[in-house]
Amino acid sequence: MKPIKKFQIGKNGLTDSFINQIKNFFEHSDSEIIKIEILKSCCRDKTQANKIAEKLVNTLGKNFTYKLIGYVLTIR
């Protein structure tokens, strides 16, 4: 089993550079799963965390799915 790469979204929120970093990771990596921790400095509301997750996955494309447990986002 391949190790799962972990990222964090902090006080700057979901930026274009972060989205590009995730896209590049999926393009150049063998891994199919990443985990993104949404820090409290980014948002303290579960609905806002869900909006961040939806925006990120929609930007990545229709081939990606996500699961949000607490403030940890898993993208496949």
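**The sheet and its surroundings**

Modeller: Buried here means under 20% relative accessible area, exposed means over 50%, and partly exposed covers what lies in between, using a 1.4 Å probe and protein chains only. Strands (E, at least two residues) and helices (H or I, at least four residues) are DSSP runs, numbered from the N terminus. The model is a predicted one, in which local features need pLDDT of at least 70 and side-chain atom pairs count only at pLDDT 80 or more, although totals for chains, interfaces and linings use all residues. Residues are numbered from 1 along each chain as its sequence is written, and side-chain values use heavy atoms, with hydrogens and water left out.

β4 belongs to an open sheet of four strands with mixed pairing, arranged in the order β1-β2-β4-β3; two strands pair if DSSP finds at least two bridges between them. At the edges are β1 (5–9) and β3 (66–69), each of which pairs on one side only, and from one strand to the next the twist averages 20°. Going through the pairs, β1 runs parallel to β2 (residues 34–38), to which it is joined over five bridges, and in this pair I9 stands opposite I38. β2 and β4, by contrast, are antiparallel over four bridges, with I36 having L73 of β4 as its bridge partner. β3 and β4 are likewise antiparallel over four bridges, and here Y66 is partnered by I75 of β4. These last two strands form a hairpin with two residues between them, where G70 in the turn has a positive phi of about 65°.

Beyond its neighbours within four places in sequence, K67 is in contact with V72, L73 and T74, where contact means heavy atoms within 4.5 Å. R76 follows in the segment after β4, and although R76 and T65 are 11 residues apart along the chain, their C-alpha atoms are separated by 5.4 Å. With its neighbours within four places set aside, R76 touches E32, I33, N63, F64 and T65.

Helix α1 (residues 16–28) touches β1, β2 and β4 (72–75), and its direction makes about 170° with that of β1. Helix α2 (residues 46–60) lies across β1, β2, β3 and β4 and runs at about 165° to β3. For such angles, axes are lines fitted to C-alpha atoms, for helices over the stretch in contact, and the values run from 0 to 180 degrees between N-to-C directions.

The loop between α1 and β2 holds S31, which is buried at a relative accessible area of 12%. A polar atom of the S31 side chain lies 3.0 Å from the backbone oxygen of I33. Setting aside neighbours within four places, S31 is in contact with K2, P3, F25 and F26.

As for the cysteines, a disulfide is counted where a pair of cysteine sulfur atoms lies within 2.5 Å, and by this rule there are zero disulfides. C42 is in none, as the nearest cysteine sulfur, that of C43, is 4.8 Å away. With a relative accessibility of 15%, C42 counts as buried, and C43 is buried at 3%.

Technical notes. Polar contact = N/O pair within 3.5 Å; in protein donor to acceptor, adjacent residues only side chain to side chain.
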